[in-house]
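Me: I would like a close look at a single part of this model, taken slowly.

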Amino acid sequence: MPVRWIPGRDAQANSYLFGDVLVDAGVVPMAVERYKDQISTIILTHGHYDHTAYLKEIAHMCSARVCIHAADAEALFRDELSLANHFGEHSPRIAPDQKLQGGEVIGGLLVIPTPGHTAGSICLYSEEEHLLISGDTVFTDGACGRTDFPTGSTAAMEASLLSLQKLDVEGLYPGHGEPVDHGGAMQIAAAAVLCRRGW
């Protein structure tokens, strides 16, 4: 099953469509409107505002249920956790339908907790397609997400990247920047090295 990349503009994060699952909701509703009858679930990779800005509008438009890791659920209401105040905005203030713990399979995607960027950061993995939707945990330039925001942890990020190295990843679909269809495992390995060096 192919992943459809819905690029974020300016400060927006990327969104991705995998079957009936939309990953992240930072893009304007118009960007996903053509898929509204297809989308049944929105999974948030973490609670930062650039990934959740239009969550309420998109969830309403698609009649979709909302899922976020339990450790980041408060960010949907607390501006200091979502960093919404950095954008002069407010958190979406919408309660999730499901608080994830990790290990769930939703729409063919395995929820993998990857704390580090935030305590509730997750990645979504398709073993069948050898792809990872990585949020702000790892990017396609071999870098990892920042750990100096509230609930971030460099030690947790390093452990998360080491756990991701055990996966068979070809396609890597990050929260920012362009995705790649091949060589994702090499980007994860590079990010792990940089994190270990304290970059």
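Which residues of the largest nonpolar core touch the most other members?

Reply: This is a predicted model, in which local features need pLDDT of at least 70 and side-chain atom pairs count only at pLDDT 80 or more, while totals for chains, interfaces and linings use all residues. Residues are numbered from 1 along each chain as its sequence is written, and side-chain values use heavy atoms, with hydrogens and water left out.

Of the 20 residues in the largest nonpolar core, those that touch the most other members are Leu22, Val32, Ile39, Ile42, Leu44, Leu55 and Ile58; such a core is a set of buried Ala, Val, Leu, Ile, Met, Phe, Trp, Tyr and Cys residues joined through side-chain atoms within 4.5 Å, where buried means under 20% relative accessible area with a 1.4 Å probe, protein chains only. H2 and S5 each supply at least two residues of this core, and the largest share, four residues, comes from H2 (helices are DSSP runs of H or I with at least four residues, strands runs of E with at least two, numbered from the N terminus). Ile39, one of the residues named above, touches Leu17, Asp20, Leu22, Val32, Cys62 and Ala64, leaving aside residues up to four places away in sequence, with contact taken as heavy atoms within 4.5 Å. A second, separate core of 16 residues includes Ile43, Leu131, Ile133 and Tyr173.

As for the sheet, six strands form an open arrangement in the order S1-S2-S3-S4-S5-S6 with mixed pairing, two strands being paired if DSSP finds at least two bridges between them. Strands S1 (4-6) and S6 (98-100) stand at the edges, each with a single partner strand, so one side of each has no neighbour in the sheet.

Terms used
Buried < 20%, exposed > 50% of the residue type's maximum accessible area, 1.4 Å probe, protein only.
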